[in-house]
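Hi,

Here is the structure I promised to pass on.

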Amino acid sequence: MNEADSERIGRSFAARGFELTDSLKAADAVVINTCTVRQRAEDKAISQIGRLRKWKLARPDGKLFVVGCAAEKLGRKYIRNRFPFVDEVVGAKSLDKIEALLPDFPTLPDFPPENRHSVQKHTTGQPSPLPTFRPPTPRLPDSPVSAFITIMRGCSLKCSYCIVPAVRGEASYLAPEEILAEAEAKIAEGAKELILLGQTVNSYRYEGKDGAAVSFPALLKMAAALPGLARLRFMSPHPLFFTDEFFRVFRENPRIGRYIHLPVQSGSDRILKAMRRGYTRARYLDIVAKIREAAPDAAVSTDFIVGYPGETEADFRESLSLIGEAGFSFAYCFKYSRRTDERGLEPDLDEAGMDERLERLLAEVKKNSGAILNARIGRIEEVLPESRDFGRTSANFVVRPERGAELEPGALVRMEITGVVRNALKGRPVP
Ligand code: SF4
């Protein structure tokens, strides 16, 4: 979500004529988009802000924005007290405020593009030196072929270990017209794959003024039909919001990527209940079965948390056994952190105990992923190249061309899978 937010913020600035740069020295404005899920991420943001003191001294006319989740959690007062040189603090709940802050800058029409470079060199005197916004705006995947579209913000669930609802607020949904217009714009810019984003993306439901509602499956269907689009993906759905309508739309629209990242967090019902996830292991497995019923080739990946307070060895083994039972193609595995837990519960395990479980879980994931990748050898897959060196199958497996072959970014190609190299497939284009 943060990466999508960075891209959106970058677009707002760019729409006013700002340009991106990798050079801090050349930057007239800097935006630090912060994350607070892990202590390390928050520490990194804090130290980055500290390092910008020098830049601000050298560029007193430059603008420094601190935005996002850590900004929301720490608060404007704390950040401005600790770093008085920060110009604006915008928390994750009010990211749209950045738009309102921009008009303070001179507007583009006064400074046509051909004049921009010289104008930037003015620091005093003239009424309006045009600041140039040049943050490193990361993009995921790092490819012009693929683009994010945020369809909702915040989350209305209350998982016990999660800080997102506190820093991003209740779920709110963007209007379908707005989403589809953004999708069309990104396709016109060259995107072949769109990734719809939201914390519980499949909870999407938008009621228009006339009372007519657009559900998540209805939105998927409309987006999948956009001309020029090769693939549609979405991230991350929540087990609570799957419906029969979703499975029907998923089955009938092969443009919707055959890959679903479906966070489970634990394989133990006891721990799922303590986490307030709202489903059981059996319910989760039922959803996985329905995904595969709708699309037998579909890959499912997940997130796990190890060492949640109260997690016994038996609970942990339930997570281990779920990997094979659900057939996860991949899993992101995290250690429980009390800093994002609203009750701040102490874990029962010490750091070494957490590490030990994490390693066992990762080893099981790796074993399972390896078997799933190997099972793809010999198949013909439709691959969407993101660069000359790699592309992805509909099930989101990375495919690299055999030595000597090159791919054409954005052009769907059929490839025969000939092997597995590290965590990727190897293949050759076929007619
Ligand atoms: S972990 Fe739970 S509370 Fe946090 S964003 Fe996901 S669904 Fe919402």
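Below is what I found, going from the whole chain to its parts.

First, the ground rules: this is a predicted model, in which local features need pLDDT of at least 70, side-chain atom pairs count only at pLDDT 80 or more, and totals for chains, interfaces and linings use all residues. Residues are numbered from 1 along each chain as its sequence is written.

The protein chain has 14 helices and 18 strands (DSSP runs numbered from the N terminus: H or I of at least four residues for helices, E of at least two for strands). Of its 431 residues, 38% count as buried, meaning that 20 or more other C-beta atoms, placed from the backbone, lie within 10 Å of the residue's own. Among contacts between residues at least 6 apart in sequence, 71% join residues at least 24 apart (a contact is two C-beta atoms, placed from the backbone, within 7 Å).

Now the sheets. Strands E1, E2 and E3 form an open parallel sheet in that order (strands pair if DSSP finds at least two bridges between them). Its edge strands are E1 (29-34) and E3 (88-91), each pairing on one side only. Neighbouring strands here are turned by 15° on average, direction ignored. E2 (residues 63-68) is joined to E3 by 4 bridges, and Val66 stands opposite Val89 in E3. Helix H2 (residues 39-58) lies across E1 and E2, at about 170° to E1 (axes are lines fitted to C-alpha atoms, for helices over the stretch in contact, with angles from 0 to 180 degrees between N-to-C directions).

There is also a barrel: 5 strands close in the order E14-E15-E16-E18-E17, with mixed pairing. The twist averages 50° from one strand to the next. E14 (residues 380-385) and E15 (residues 391-393) are antiparallel over 3 bridges, and Leu384 has Arg392 of E15 as its bridge partner.

Finally, the ligand: the residues around it include Cys155, Cys159, Cys162 and His238 (C-beta atom, placed from the backbone, within 6 Å). This shell divides into 6 nonpolar, 3 polar and no charged residues (Ala, Val, Leu, Ile, Met, Phe, Trp, Tyr, Cys and Pro count as nonpolar, Asp, Glu, Lys and Arg as charged, the others, Gly among them, as polar).

Best wishes

Technical notes:
A residue is buried if 20 or more other C-beta atoms lie within 10 Å of its own, exposed if 12 or fewer, and partly exposed in between; C-beta atoms are placed from the backbone.
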